[in-house]
Amino acid sequence: MAAPLPPVSRAPPGGTGGGRAAPGRGDTAPGRGHTAPGRGDTARSEGAEGLFVVLGAGLAAASHPLLYVKLLVQVGHEPLPPTVGRNVLGRKVLYLPGFFTYARHIVEVDGKRGLFRGLTPRLISSTLSTITRGSVKKAFPLEDMEHVSNKDDVKTSLRKVVKETSHEMMMQCVSRVVSHPLHVISMRCMVQFVGREVKYSGVFSAIGRILKEEGILGFFVGLIPHILGDVIFLWCCNLLAHFINTYAVDDNFSQASVIRSYTKFVMGIAVSMLTYPFLLVGDLMAVNNCGLRAGLPPYAPVFASWIHCWRYLSAQGQLFRGSSLLFRRAPMPAACFPID
């Protein structure tokens with residue numbers, strides 16, 4: 001039987017890994033049980049967690065302009081006119097501005113610092129997510145779980161994949177709940193670009209405003225579709241990768257191990273596209289009816305629930321709005337242009 005690979009993780013930037021830890025000084029000999037980790041193990045663990053936090057913050061800062069432009073496209077803000085281009089068949093079509101053109105427009109309006117609007121709450125959200133995942137991992141360590149081995153039969157390997165995916169799902173859901181309030185604040189700070197508002201000018205003032213206007217539930221708008229997207233992504237990606245590596249990749253093939261190493265990566269890309277509507281709906285609900293222009297008509301109606309938002313986008317054919325930032329085709333059909 002082919003050797004199934006461990007499940008993939010949908011950890012946010014800076015998330016912790018899932019390997020077995022090497023025995024530390026605090027470990028006793030086999031058969032005598034385990035004592036508390038030694039100082040060396042604790043220091044290494046804290047150092048690794050700190051490194052993950054720093055790396056996650058750096059990645060979040062570097063990718064922030066991309067996420068910023070993506071969010072503005074998601075809410076339907078198109079400040080620049082489309083341009084005429086040609087598709088692969090040579091027909092003339094209208095293309096909306098891509099990421100670089102859109103980012104240049106933001107710089108012209110707000111300067112280079114404008115590309116990092118809403119970065120502070122996003123960094124806090126990323127840090128909270130990383131720390132939470134590490135804490136959950138310590139509370140429910142992977143050492144207590146069985147890992148997939150090439151010696152397992154089909155039923156045993158599947159059982160282990162299900163168990164590991166359940167563990168990863170628990171970590172992802174807890175970290176999502178803890179970090180979501182700061183995610184909401186970050187989203188609202190960014191979409192203020194649309195109406196040039198200053199309603200959410202800082203983290204603490206934003207917390208006070210949301211509590212006053214919406215109550216505690218205001219911090220968790222859009223949480224359900226985000227969690228559903230995470231859960232569906234994890235299960236589909238891990239199970240598909242497991243079945244492909246087990247039944248479709250032959251061990252006799254010389255490059256079998258190389259193919260298996262890329263299976264999860266390819267599955268992650270494919271499944272992330274399928275679950276994108278959950279991300280879109282979650283982000284739109286985070287800014288809907290919060291007093292900002294981007295969350296009110298004509299950009300969007302006031303949604304009664306995330307299901308209402310989903311149905312509205314589906315009826316408009318916009319469930320994948322913002323999924324691509326390079327070649328964005330305008331809604332106007334290409335048939336409106338004569339072929340040269």
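Is F99 buried or exposed? F99 counts as buried, because its relative accessibility is 14%; buried means under 20% relative accessible area, exposed over 50%, and partly exposed in between, with a 1.4 Å probe and protein chains only. The model is predicted: local features need pLDDT of at least 70, side-chain atom pairs count only at pLDDT 80 or more, and totals for chains, interfaces and linings use all residues. Residues are numbered from 1 along each chain as its sequence is written, and side-chain values use heavy atoms, with hydrogens and water left out.

Start with the overall plan. The chain has nine helices and three strands. These are DSSP runs, numbered from the N terminus: helices are H or I with at least four residues, strands are E with at least two. Read from the N terminus, the order is α-β-β-α-α-α-α-α-α-α-α-β. Of the 340 residues in the chain, 42% are buried. The accessible surface comes to about 17,900 Å², and carbon and sulfur atoms hold 65% of that surface. Accessible areas come from the Shrake-Rupley method with a 1.4 Å probe; for residues, only the protein chains shown count as cover. Now take contacts, meaning heavy atoms within 4.5 Å. Among contacts between residues at least 6 apart in sequence, 77% join residues at least 24 apart.

Back to F99, and to aromatic pairs. Rings of Phe, Tyr and Trp (its six-membered ring) pair if their centres lie within 6.5 Å; planes under 30 degrees apart count as stacked, over 60 as edge-to-face and the rest as tilted. The whole structure contains six aromatic pairs. One of them joins F99 and F100, edge-to-face, with 5.1 Å centre to centre and 70 degrees between the planes. F99 is buried at 14% relative accessibility, whereas F100 counts as exposed because its value is 56%. Elsewhere, F278, W306 and W310 form one aromatic cluster.

Helix 8 is mostly covered, with eleven of its twelve residues buried. How far apart are the end C-alpha atoms of helix 8? They are 17 Å apart, which agrees with the 16 Å that twelve residues (276-287) should span at 1.5 Å a residue. The expected span is 1.5 Å times one less than the number of residues. After helix 8 comes N289, with a positive phi near 55 degrees.

Next, the charged side chains. A salt bridge is a side-chain nitrogen of Lys or Arg within 4 Å of a carboxyl oxygen of Asp or Glu. The structure holds eight salt bridges. E213 takes part in a bridge with K199, at 3.1 Å from N to O. This pair links distant parts of the chain: E213 lies in helix 5 (residues 203-214), K199 in the loop between helix 4 (154-195) and helix 5, and they are 14 residues apart. K199 counts as buried at 18% relative accessibility, while E213 counts as partly exposed at 43%.

E213 also bridges to R209, with the closest N and O atoms 3.3 Å apart. E213 and R209 are separated by about one helical turn, because they are four residues apart in helix 5. An α-helix has 3.6 residues a turn, so residues three or four places apart point the same way. R209 counts as partly exposed at 33%.

A network of salt bridges links D110, R117 and R196. In the bridge between D110 and R117, the closest N and O atoms are 2.7 Å apart. D110 is partly exposed, with a relative accessible area of 24%.
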